[in-house]
Amino acid sequence: MIAARILIVEDDRIVARDIQHQVSRMGHVVVGLSASGEEAVRLAGSHQPDLVLMDIRLDGEMDGIEAARRIREAHRIPVVFLTAYANDEVVERASRTEPFGYLLKPLEEPQMRTVIQMALYKQASDAKLRLSERRYAATLASIRDGVILCDRDGRVEFMNRVAETMTGWTAADAAGRPLTSVFVAVDEETQEPQEDFSALVRRSGAHAPPDRLSRLLPRGETAPAPSEMPGIVVEERCSAIIDDRGEVAGSILVFSDLTQRRRIAEALRKAQADLAHAGRLTMMGELAAAVAHEVNQPLMAIITNAGTCLQHLSQPDPDLGKTRAVAERIVRDAQRAGDVVRSIHALARRAPADPGWVDMNALVTETLALVRAELRRARVAVETDLQAVPPWVHGDRVQLQQLILNLVMNAIEAMAASDRPPRRLRVVTASGDGGVGVRVEDSGPGIADADPDVLFRALYTTKPGGLGMGLSISRSIVELHGGRLSAMAGTPCGSVFEFVIPVSLGGT
């Protein structure tokens, strides 16, 4: 049994005391006794009882029915009427106050016990229902889509705030109106009126019709001319509300504004296109910088040899043999410049240009011969420690030579910028763990940056006038051949660059 706090309103003092005793014996608490309607309204507000037992005929200007109406409107406290008069007029008038029961005088305790318990259970059930409705309404009000609820005849029962904003109708104005007069939608392409979605739902029952795109017209607008495009584009979804008997009791229409979503999608598409364009420009810039960086060395050799060739030819009796040898070097350097360009192009496509078997010992020796003049000008002593058995790798010979050349030239330039002697370059080849390593050591100032990986970023340089592409290209070449390139500080000074790539010993 539910114990409750009860207010008794009865103008007969003896009857009131009798009711109080009966209620107390049931285990309830009487919070007050009143003989007038005015006092009953006041006591209900101050004590907030769980139930009011209300006599219909009371002393004063306010009878029990009016007092019950005011108590229900102000506090939603359930009322059970006590009366000896149960004619149709009284019952009809009392029913408008939504009473929770009637008790006919003289009162019998078993009957009173049953009615009170039923009223308390009904009040608890109604409280849960009201809370559920508030949660439901708060949920619908908080979502970002428009929501319209219709009854079984397609008339509007509820609209959330988003639906009010999008349709131009307030929930109060739209209540009871057909959905077709509140939600006026046309086909987005043809501008033809769309069939009422709630009617489709009533026909299809539990099977919801497919979603559709429409153009929602402003309030008061009719179907526009094909050239006009008023309203907003919406995506509609509609479902049936099924009652306990499995019949359609109504429908719920949910619609979202696609205008903003499409605007965002278009902005995103444009941003992606701009980013791709910027990426292409960056790649083109890096490729141009790479070509300029890598072709610079053979071009300088061509200029030097061309100057030598002109000096020979300016002699009264030029030595044609020497002049021919210098011209041949010019041709070789020009061919090497072309090979470098093709190599960079292949590198941009992430593929070796001309793969084959390469002897790394021979490649180191040839590369050092190419930079003999630079080594001499920078007064750099060279040491090599090449593996006894030639280590062969499968890859692009030009790219691998550019790799070694970049590392050697970096070492020469680092030592040339330092006043500290001695200037020593050491190149080592070694095999192990399924790969061949080539290590280039110098006695220069060493690696200044705390993070060696930053050296391999494109366009990063510590040299005045440098392009910052040599080491970036070097790492790309190594990675293209499935290897790795690292940098570290040397001991006691200088720097060490080492790459390891997969190889096969013995060659062809």
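**The annotated aspartate**

Guide: UniProt, in an unreviewed entry, puts "modified residue: 4-aspartylphosphate" at D55. UniProt positions follow the numbering used here, feature names are shortened, and annotations may be inferred rather than shown by experiment. This is a predicted model: local features need pLDDT of at least 70, side-chain atom pairs count only at pLDDT 80 or more, and totals for chains, interfaces and linings use all residues. Residues are numbered from 1 along each chain as its sequence is written, and side-chain values use heavy atoms, leaving out hydrogens and water.

Visitor: Where is D55 found?

Guide: In strand β3, residues 51-55. Strands (E, at least two residues) and helices (H or I, at least four) are DSSP runs, numbered from the N terminus.

Visitor: Is D55 buried or exposed?

Guide: D55 is buried, because its relative accessibility is 5%. Buried means under 20% relative accessible area, exposed over 50%, partly exposed in between (1.4 Å probe, protein chains only).

Visitor: What does D55 touch?

Guide: V9, E10, D11, G64, L82, T83 and K105, not counting residues up to four places away in sequence. Contact means heavy atoms within 4.5 Å.

Visitor: New topic. How do β6 and β7 run?

Guide: Antiparallel, with three bridges joining β6 (residues 146-151) to β7 (residues 156-159). Strands pair if DSSP finds at least two bridges between them.

Visitor: Which residue is the bridge partner of C150?

Guide: V156, in β7. The two strands form a hairpin with four residues between them. G154 in that turn has a positive phi of about 80°.

Visitor: And L320, where is its place?

Guide: In helix α11, residues 320-348. L320 is exposed, because its relative accessible area is 60%.
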